[in-house]
Amino acid sequence: MYKFCPLFSGSSGNATYIGTEHEGVLIDAGKNCKAIKEALAATGVEPEAVKALFITHEHTDHCSGMRVFANKYKIPVYSSEATLTILDQMGHLNGDFPVYSISDYADIGDFHIECHKTSHDVVDPHCYSILLPNLKKVSVVTDTGIITEETMDGITGSETVLLESNHDTGMLASGPYPYFLKRRIMGAQGHLSNEDSAETSVKLLKSGTRNIILAHLSKENNFPELAYNTTFARLTMEGATLGEDYTLTVANRDEPTPTEV
Ligand SMILES: [Zn+2]
Ligand SMILES: [Zn+2]
């Protein structure tokens, strides 16, 4: 069994550990080094077990802890060429750790990691799928305004998917955010809504996915129960039975949400 563990999730920081107690990879490092270390420890993983760090994009909630964490434990950092360039300009690569650009895949020990383009308002956003040594595929998909055909093709075949369910469209529309920000979040390069996440879950289940973990929930424009119920209701409408056909979880904002795959 492998741990698939969102350590924290949302606009105040994102990181997901995938692997065993001894070896694995981290997708994003959006809180400080101490917070990442403590969250890993809470799941029974020492920082030395992290063999590589994959960054999805340059927003602070995905990369704020990467420099100190990678430097302290000498962990190689992977991201797209364009993202690395901007991370460098932002000072995130100042340190003594290896940096590699990834354009399609990387092999870390027995883990095969693929990257797929997403749709977000940054220079070159990606999400990642990991093919585990037990031949199960898992994916981490957040910070995307829409699920493009390319993204869907990339994550198809995943048994477990951590999927953004950022906001309830009604709450966002009637909430306190300024108009420009509402437009940004709802746009094709913003964040995935509960409704979009529910539609994506239908497609994923049809393609063989069994575990959905809803993630990156907005504090202001969503509730865990609302995100859960939107996808649950949509999947029930499709005839899928919770527990039999699939599992559904909401990733905690500030603490690990351990699952096994
Ligand atoms: Zn984010
Ligand atoms: Zn972002």
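**Salt bridges, cores and sheet of a predicted model**

Asp 124 and Lys 117 are joined in a salt bridge (a side-chain nitrogen of Lys or Arg within 4 Å of a carboxyl oxygen of Asp or Glu), and their closest N and O atoms are 3.0 Å apart. The structure is a predicted model, in which local features need pLDDT of at least 70 and side-chain atom pairs count only at pLDDT 80 or more, while totals for chains, interfaces and linings use all residues. Residues are numbered from 1 along each chain as its sequence is written, chains are lettered from A and ligands numbered from 1 in the order in which they are written, and side-chain values use heavy atoms, with hydrogens and water left out.

Relative accessible area, computed with a 1.4 Å probe on protein chains only, separates buried residues (under 20%) from exposed ones (over 50%), with partly exposed residues in between. On this scale Asp 124 is buried, at 16% relative accessibility, whereas Lys 117 is partly exposed, at 37%. Salt bridges with shared partners also connect Glu 199, Lys 206, Arg 234 and Glu 238 into one network.

In total, the structure holds nine salt bridges. One of them is formed by Asp 254 with Lys 31, with 3.1 Å between the closest N and O atoms. This pair links distant parts of the chain, 223 residues apart, since Asp 254 lies in the loop between strand 13 and strand 14 (259-260) and Lys 31 in the loop between strand 3 (24-27) and helix 1; helices (H or I, at least four residues) and strands (E, at least two) are DSSP runs, numbered from the N terminus. Asp 254 is exposed, at 51% relative accessibility, but Lys 31 is buried, at 17%. A further salt bridge brings together the side chains of Glu 38 and Lys 34, at 3.2 Å from N to O. Because Glu 38 and Lys 34 are four residues apart in helix 1, about one helical turn separates them. Glu 38 is partly exposed, with a relative accessible area of 47%, and Lys 34 is exposed, at 58%.

The interior was examined through nonpolar cores, each being a set of buried Ala, Val, Leu, Ile, Met, Phe, Trp, Tyr and Cys residues joined through side-chain atoms within 4.5 Å. The largest nonpolar core has 27 residues, and those with the most contacts inside it are Leu 7, Leu 26, Leu 53, Met 66 and Phe 69. At least two residues of this core come from each of strand 1 (3-8), strand 2 (15-19), helix 1 (33-42), strand 4 (50-54), helix 3 (66-73) and helix 4 (81-89). When residues up to four places away in sequence are not counted, Phe 69 touches Leu 26, Cys 33, Ile 36, Leu 40, Pro 47, Val 50, Leu 53 and Ile 75, where contact means heavy atoms within 4.5 Å. Another core, of 24 residues, lies apart from the largest one and includes Cys 115, Val 138, Val 140 and Ala 215.

With a disulfide taken as a pair of cysteine sulfur atoms within 2.5 Å, a search of the whole structure finds zero disulfides. The sulfur of Cys 5 is too far for a bond because the closest cysteine sulfur, in Cys 33, is 17 Å away; Cys 5 is buried, at 1% relative accessibility. Likewise, the sulfur of Cys 127 is 8.5 Å from the closest cysteine sulfur, in Cys 115, and is too far for a bond, while Cys 127 is buried, with a relative accessible area of 0%.

Seven strands form an open sheet in the order 7-8-9-10-11-12-13, with mixed pairing; two strands pair if DSSP finds at least two bridges between them. Strand 7 (105-108) and strand 13 (247-250) stand at the edges with a single partner strand each, so one side of each has no neighbour in the sheet. From one strand to the next, the twist averages 20°. Strand 7 and strand 8 (residues 111-117) run antiparallel and are joined by four bridges, and Asp 107 stands opposite His 112 in strand 8. Helix 8 (residues 194-206) packs on the sheet, where it touches strand 11 (160-164) and strand 12 (211-215), and its direction makes about 165° with that of strand 11. Axes are lines fitted to C-alpha atoms, for helices over the stretch in contact, and angles run from 0 to 180 degrees between N-to-C directions. Helix 9 (residues 224-237) also packs on the sheet, touching strand 12 and strand 13, with its direction at about 155° to that of strand 13.
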